[in-house]
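Thanks for coming. I will go through one structure today, starting with its strands and ending with its aromatic rings.

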Amino acid sequence: MNHRLPDVAFLHAVADVADQQTLPRFRSADDLHVGSKPKEGFRFDPVTDADREAERAIRALITTHYPDHAILGEEFGATGHGPVQWVLDPVDGTRPFLCGLPVWGTLVGVYEQGRAKMGIMSQPFTQERFW
């Protein structure tokens, strides 16, 4: 079993695959297939192809390199179990994303034994990352 934590380079690789899915869809004329997901207290909680495809790309990369890690994503829920869990929000700020406002980003956290250990925020439009 591979319960080791990733290094910072891998966090950046995760952000890279998310950016490849989100940035081309931002302010794009293409149809984002905007839908709504159920959320208590909200009549409309938007979800787009950018949200879904970024989470799929992140999950694929993590699963390839860390198949024993659990993943909790905003769009597709929880998979796996074990002491290391990734927490994903592929587009934090979907409403501003839809409005063309550059105040959104991808959030990725890594927990070990229920404690936050590391994370990264990528804002591809402004070309900023915080980890």
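Start with E6 and E7, which pair in the antiparallel sense over seven bridges. Within that pairing, Val110 stands opposite Met118 in E7. Before I go further, please keep in mind that this is a predicted model.

Now the sheet these strands belong to. Six strands make up an open sheet with mixed pairing, and their order is E4-E3-E5-E6-E7-E8. E4 and E8 are at the edges and have a single partner strand each, so one side of each has no neighbour in the sheet. On average, neighbouring strands of this sheet are turned by 15° against each other, if direction is ignored.

Take the end of the sheet that holds E4. E3 and E4, the latter covering residues 77-79, pair in the antiparallel sense over three bridges. They form a hairpin, with three residues between them.

H2 lies across E3, E4, E5 and E6, and runs at about 155° to E5.

The buried residues of H1 include Phe10, Leu11, His12 and Val14. Together, the buried residues of H1 pack against H2, E5, H3, E6, E7 and E8.

That brings me to the rings. A pair of aromatic rings is described by the distance of the centres and the angle of the planes. How many aromatic pairs does the structure hold? There are seven aromatic pairs. In one of them, the ring centres of Phe10 and Tyr66 are 5.1 Å apart and the planes are at 75°, which is over 60 degrees, so the pair counts as edge-to-face. Phe10 sits in helix H1 and Tyr66 in the loop between helix H2 and strand E3, so this pair ties together parts that are 56 residues apart in sequence. Are these two residues buried or exposed? Phe10 has 9% relative accessibility and therefore counts as buried. Tyr66, at 4% relative accessibility, counts as buried too.

A second pair is formed by Phe26 and Trp104, with 5.2 Å from centre to centre and 55° between the planes, and this pair is tilted. It links distant parts of the chain: Phe26 is in the loop between H1 and strand E1, Trp104 is in the loop between helix H3 and strand E6, and they are 78 residues apart. Both Phe26 and Trp104 are buried. Finally, ring pairs link Phe26, Phe97, Trp104 and Phe125 into a cluster.

That is the end of my part.

Notes:
Residues are numbered from 1 along each chain as its sequence is written. This is a predicted model: local features need pLDDT of at least 70, side-chain atom pairs count only at pLDDT 80 or more; totals for chains, interfaces and linings use all residues. Side-chain values use heavy atoms; hydrogens and water are left out. Rings of Phe, Tyr and Trp (its six-membered ring) pair if their centres lie within 6.5 Å; planes under 30 degrees apart count as stacked, over 60 as edge-to-face and the rest as tilted. Helices (H or I, at least four residues) and strands (E, at least two) are DSSP runs, numbered from the N terminus. Buried means under 20% relative accessible area, exposed over 50%, partly exposed in between (1.4 Å probe, protein chains only). Contact means heavy atoms within 4.5 Å. Two strands pair if DSSP finds at least two bridges between them. Axes are lines fitted to C-alpha atoms, for helices over the stretch in contact, and angles run from 0 to 180 degrees between N-to-C directions.
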